[in-house]
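Please examine the sequence and the three-dimensional structure shown below. The paragraphs that follow lead through them step by step, beginning with a single residue and ending with the whole chain.

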Amino acid sequence: MFTLTPIEDQMLNAQELAAGLAATAMIQNLIREGEEARIGVFDRTLPDEVRAEAMKDSRRVNDTLKLITTMQEISGISA
């Protein structure tokens, strides 16, 4: 087993913080994309092709968020 120096420990903490912030930004963008897609799915004034593409986008976002949730659960992170 090895021991980290205080500076190495703080660098590791900073890297974990940066990774967490990046993940949060990615999740926020996915939520925004999902909301935009949902609007497109239910807007009956749009052509069917546009609504179908919005449905695909919505499913992609949901699948990605499910994957992120699964990975967090595996890592021991849960809400």
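Threonine 24 is partly exposed, with a relative accessible area of 40%. Residues are called buried under 20% relative accessible area, exposed over 50%, and partly exposed in between, for a 1.4 Å probe and with protein chains only. Threonine 24 belongs to helix α1; here helices (H or I, at least four residues) and strands (E, at least two) are DSSP runs, numbered from the N terminus. The side chain of threonine 24 reaches back to the backbone oxygen of glycine 20, at 2.9 Å. A polar contact is a pair of N or O atoms within 3.5 Å; within protein, one atom must be able to donate a hydrogen and the other to accept it, and residues adjacent in sequence count only if both atoms are side-chain atoms.

Some remarks on the source are needed before going further. The model is a predicted one, in which local features need pLDDT of at least 70 and side-chain atom pairs count only at pLDDT 80 or more, while totals for chains, interfaces and linings use all residues. Residues are numbered from 1 along each chain as its sequence is written, and side-chain values use heavy atoms, with hydrogens and water left out.

The overall architecture may now be considered. The protein contains two helices and zero strands. Its C-alpha atoms fill a box of roughly 60 × 20 × 20 Å along the principal axes. The radius of gyration, taken over C-alpha atoms, can be set against a globule rule of 2.2 Å times the number of residues to the power 0.38. For a compact globule of 79 residues the radius would be near 12 Å, but the protein has 19 Å. Of these 79 residues, 13% count as buried. The protein exposes about 6600 Å², and carbon and sulfur atoms supply 61% of this area; accessible areas come from the Shrake-Rupley method with a 1.4 Å probe, and for residues only the protein chains shown count as cover.

How many salt bridges does a search of the whole structure find? The search finds three, where a salt bridge is a side-chain nitrogen of Lys or Arg within 4 Å of a carboxyl oxygen of Asp or Glu. One of them joins the side chains of arginine 32 and glutamate 36, at 3.4 Å from N to O. These two residues are separated by about one helical turn, because they stand four residues apart in helix α1 (residues 6-42). Arginine 32 is partly exposed at 41% relative accessibility, and glutamate 36 is partly exposed at 47%.

Another salt bridge lies between arginine 38 and glutamate 35, whose side chains meet at 3.2 Å, N to O. Both residues lie in helix α1, three residues apart, which is about one turn of the helix. Arginine 38 has a relative accessibility of 41% and counts as partly exposed; glutamate 35, at 40%, also counts as partly exposed.

Glutamate 33 forms a salt bridge with arginine 60, and their closest N and O atoms are 2.7 Å apart. This pair links distant parts of the chain, since glutamate 33 is in helix α1 and arginine 60 is in helix α2 (residues 48-74), 27 residues apart. Glutamate 33 is partly exposed, with a relative accessible area of 26%, and arginine 60 is partly exposed at 39%.

Is valine 61, in turn, buried or exposed? Valine 61 is found in helix α2, and at 2% relative accessibility this residue counts as buried. Valine 61 touches Leu30, Glu33 and Gly34, not counting residues up to four places away in sequence; contact means heavy atoms within 4.5 Å. By way of distance, the C-alpha atoms of valine 61 and alanine 18 are separated by 23 Å, the two residues being 43 places apart along the chain.

Threonine 3 is found in the segment before α1 and is exposed, with a relative accessible area of 74%. From C-alpha to C-alpha, threonine 3 and glutamate 35 are 46 Å apart in space and 32 residues apart in sequence. Leucine 4 is also found in the segment before α1, and is partly exposed at 37% relative accessible area. Phe2, Leu4 and Leu12 form a nonpolar patch on the surface, with about 300 Å² of accessible area together. Patches are made of residues with over 30% relative accessible area and no salt bridge; like charges are joined within 9 Å, and nonpolar side chains (Val, Leu, Ile, Met, Phe, Trp, Tyr) within 5 Å.
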